[in-house]
Amino acid sequence: MSDQRSQRERMLAGAPYIADDPELDADRRRAAELYEEFNASGVEDGERRQRIVEELLGHVDSSAEIRPPLYCDYGYRIRVGARAFINFGLVALDVAPITIGDDVQIGPYVQLLTPTHPLDAGERLDKWEGADPITVENNAWLGGGVIVLPGVTIGANTVVGAGGVVSKDLPAGVVAVGNPARVIREL
């Protein structure tokens, strides 16, 4: 029996989907228009910037601070908690949900990457894609240039050193560094 859901419905359900889809293209264009407007806003445009980011993201607490530039696929799959601070240059590919908890600090040029792609060359040519969610729990700190791969949860109060590549879950209350990120001590 074939799956009659739209590609967007398949993506939202976490099922493999065809990325080259007009409905998803429209969603990506909407996000690009909003993040381009956000990225062009000036320091004095605080209220306007907040309005744009609230329209772009699935949820952003009013106490969170996000500095432009910001880039995402859809925006509506990103949740940002209270008092979170996101520095310049976040790339958040939100094919699957991205959850940024309360009091999280994200350094400049961090990448949160949820998309997955098949190893089979034919499936890639056919534009099949998948995704796994990313969660950054409360009071975690991601140093500059950190890359978080699909399906990863970073535990509460954990620190990831600058340039770390997080390919597996990290527990709460640790420091992790390197590529791949490894726990070097408990906090």
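**View 1. Val80 and Leu142 touch the most other members of the largest nonpolar core, which has 39 residues.** A nonpolar core is a set of buried Ala, Val, Leu, Ile, Met, Phe, Trp, Tyr and Cys residues joined through side-chain atoms within 4.5 Å. Buried means under 20% relative accessible area, exposed means over 50%, and partly exposed lies in between (1.4 Å probe, protein chains only). At least two residues of this core come from each of helix H2 (22–40), helix H3 (46–56), strand S4 (70–72), strand S5 (78–80), strand S7 (90–93), strand S8 (98–100) and strand S13 (134–136). H2 gives the most, with five residues. Helices (H or I, at least four residues) and strands (E, at least two) are DSSP runs, numbered from the N terminus. This is a predicted model: local features need pLDDT of at least 70, side-chain atom pairs count only at pLDDT 80 or more, and totals for chains, interfaces and linings use all residues. Residues are numbered from 1 along each chain as its sequence is written, and side-chain values use heavy atoms, with hydrogens and water left out.

**View 2. The surroundings of leucine 142.** Neighbours within four places in sequence are left aside here. Leucine 142 is then in contact (heavy atoms within 4.5 Å) with Gln105, Ile106, Gly107, Val110, Leu112, Val136, Val148, Ile154 and Val160. A second, separate core has eight residues, including Met11, Ala19, Ala96 and Ala131. In soluble globular proteins, nonpolar side chains tend to be buried together.

**View 3. A parallel open sheet of five strands runs in the order S2-S5-S8-S13-S16.** Strand S2 (59–60) and strand S16 (153–154) are the edge strands, each pairing on one side only. Two strands pair if DSSP finds at least two bridges between them. S8 and S13 pair in the parallel sense over three bridges. Isoleucine 98 has isoleucine 134, in S13, as its bridge partner.

**View 4. An antiparallel open sheet of three strands has the order S1-S12-S11.** Strand S1 (17–18) and strand S11 (115–116) each have a single partner strand, so one side of each is left without a neighbour in the sheet. S1 pairs with strand S12 (residues 128–131) in the antiparallel sense, over two bridges. Glutamate 129, in S12, is the bridge partner of tyrosine 17.

**View 5. A salt bridge joins glutamate 23 to arginine 8.** A salt bridge is a side-chain nitrogen of Lys or Arg within 4 Å of a carboxyl oxygen of Asp or Glu. The count comes to eight by this rule. In this pair the closest N and O atoms are 3.0 Å apart. The link spans distant parts of the chain: glutamate 23 sits in helix H2 and arginine 8 in helix H1 (residues 7–12), 15 residues apart. Glutamate 23 is partly exposed, at 30% relative accessibility. Arginine 8 is also partly exposed, with a relative accessible area of 25%.

**View 6. Arginine 51 forms salt bridges with glutamate 37 and with glutamate 55.** The N to O distance to glutamate 37 is 3.5 Å. That pair links distant parts of the chain, with arginine 51 in helix H3 and glutamate 37 in helix H2, 14 residues apart. For arginine 51 and glutamate 55, the closest N and O atoms are 3.9 Å apart. Both lie in helix H3, four residues apart, about one turn of the helix. Arginine 51 is partly exposed at 42%, glutamate 37 at 28% and glutamate 55 at 44%. Salt bridges that share partners join Glu37, Arg48, Arg51 and Glu55 into one network.
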